[in-house]
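Colleague: Please walk me through this model. I want the general idea behind each feature, then the case at hand.

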Amino acid sequence: MEEPFEAGAIIPAAGSGRRMNAPTNKILLPLLGVSILERALDAFLNSEFVKILVLAVKPSEKRIFEAQTNRLAAAFNKEIALVNGGAERWESVANALEYLRRWTGWKRRKRLVAVHDAARPLLTRELLNQSLAAGLEYGAVGLGVPLKDTIKRVDDDGMVVDTPDRSSLRAIQTPQVFELDLLLDCYQRVKGSGINFTDDCGVVEYCGRPVKLILGSYENLKITTPEDLALAEAILRRRENADRSRL
Ligand code: CTP
Ligand code: MG
């Protein structure tokens, strides 16, 4: 990564965690004592390339998040902004993107934006760096992992329609990294399309621009249902033990 560049991070955090069935936004739940959100922010707070983090949050939850982000901004000497989330994830990202478009703190011409779900607390610094490096090279990059399960398409009655060839399918993760201008342009163009984009690469694909996938990690879980909590804690415990044995 020799070319000078800087990056902004967009963290969509305005979901309601329906599938988790928790009383609060699931990203406030702790994993071994540290919130999912705080763990998801860790790689970005520690990255020298990331100059600003923009969190999209529900207006009703702004206060709760402000307390956390004020503390983290001071501890890591990083700028963290909060913007209002939208009804769908892509609307939350669009609001944060608008903030980055207007942000006056940019110093370099080469600007990347990394979009990362607040619900993915196991992202490592290595994987973030690989994503940024690929973003610089390709302009639009997502993480993908080969599917472990066979996938079937079904109809409304649960009858199997077909079985797509698994070898050409990938399960998609975040972070997804883009040239800032490219993502701004594509989000501008899909406004009013009526499509509910569930990831940001999808917005770029829709605009007909090439998107590169690099290998993600099976450990880079999205915390979605209650059993993901136990799985994530097991991975964190194993990482902590590995760190200890290195000392
Ligand atoms: N998200 C968001 N704005 C929305 C919906 C989701 O910022 N309108 C965020 C979530 O907070 C999460 C990420 O997008 O960090 C991925 O979404 P998902 O895992 O689906 O979280 P939720 O939407 O909260 O969960 P559920 O779909 O089960 O309600
Ligand atoms: Mg959701």
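Modeller: Start with Asn 21, which counts as exposed because its relative accessible area is 70%. The classes are buried under 20% relative accessible area, exposed over 50% and partly exposed in between, with a 1.4 Å probe and protein chains only. This is a predicted model: local features need pLDDT of at least 70, side-chain atom pairs count only at pLDDT 80 or more, and totals for chains, interfaces and linings use all residues. Residues are numbered from 1 along each chain as its sequence is written, chains are lettered from A and ligands numbered from 1 in the order in which they are written, and side-chain values use heavy atoms, with hydrogens and water left out.

Colleague: Where is Asn 21 found?

Modeller: Asn 21 is in the loop between β1 (6–12) and β2 (30–31). Helices (H or I, at least four residues) and strands (E, at least two) are DSSP runs, numbered from the N terminus.

Colleague: What should I look for in the backbone angles?

Modeller: Most residues other than glycine have a negative phi, and most peptide bonds are trans. Asn 21 has a positive phi of about 65 degrees, although it is not a glycine. Leu 32 is not a glycine either, and has a positive phi of about 45 degrees. Leu 32 sits in the loop between β2 and β3 (34–35). With a relative accessible area of 29%, Leu 32 is partly exposed.

Colleague: Which peptide bond is cis?

Modeller: The one from Thr 174 to Pro 175, with omega near 10 degrees. Pro 175 belongs to strand β10 (residues 170–179).

Colleague: How do I read a helix for burial?

Modeller: An α-helix has 3.6 residues a turn, so residues three or four places apart point the same way. Now take helix α1 (residues 36–45), which is mostly covered, with 8 of its 10 residues buried. Among them are Ile 36, Arg 39, Ala 40 and Phe 44.

Colleague: And sequence distance against spatial distance?

Modeller: Compare the two for a pair of C-alpha atoms. Val 83 and Tyr 99 are 16 residues apart in sequence and 7.7 Å apart in space, C-alpha to C-alpha. Val 83 lies in strand β5 (residues 79–84) and is buried, at 10% relative accessible area. Gln 188 and Ala 94 are 94 residues apart in sequence, with 8.8 Å between their C-alpha atoms. Gln 188 is part of helix α5 (residues 180–190). Its relative accessible area is 51%, so Gln 188 is exposed.

Colleague: Is Arg 109 buried or exposed?

Modeller: Exposed, because its relative accessibility is 84%. Arg 109 is in the loop between α3 (89–102) and β6 (111–115).

Colleague: Last, the ligand. How many residues surround ligand 1?

Modeller: A residue is near a molecule if one of its heavy atoms lies within 4 Å of it. For ligand 1, 18 residues qualify, and the closest are Pro 12, Gly 17, Arg 18, Ser 92 and Lys 222.
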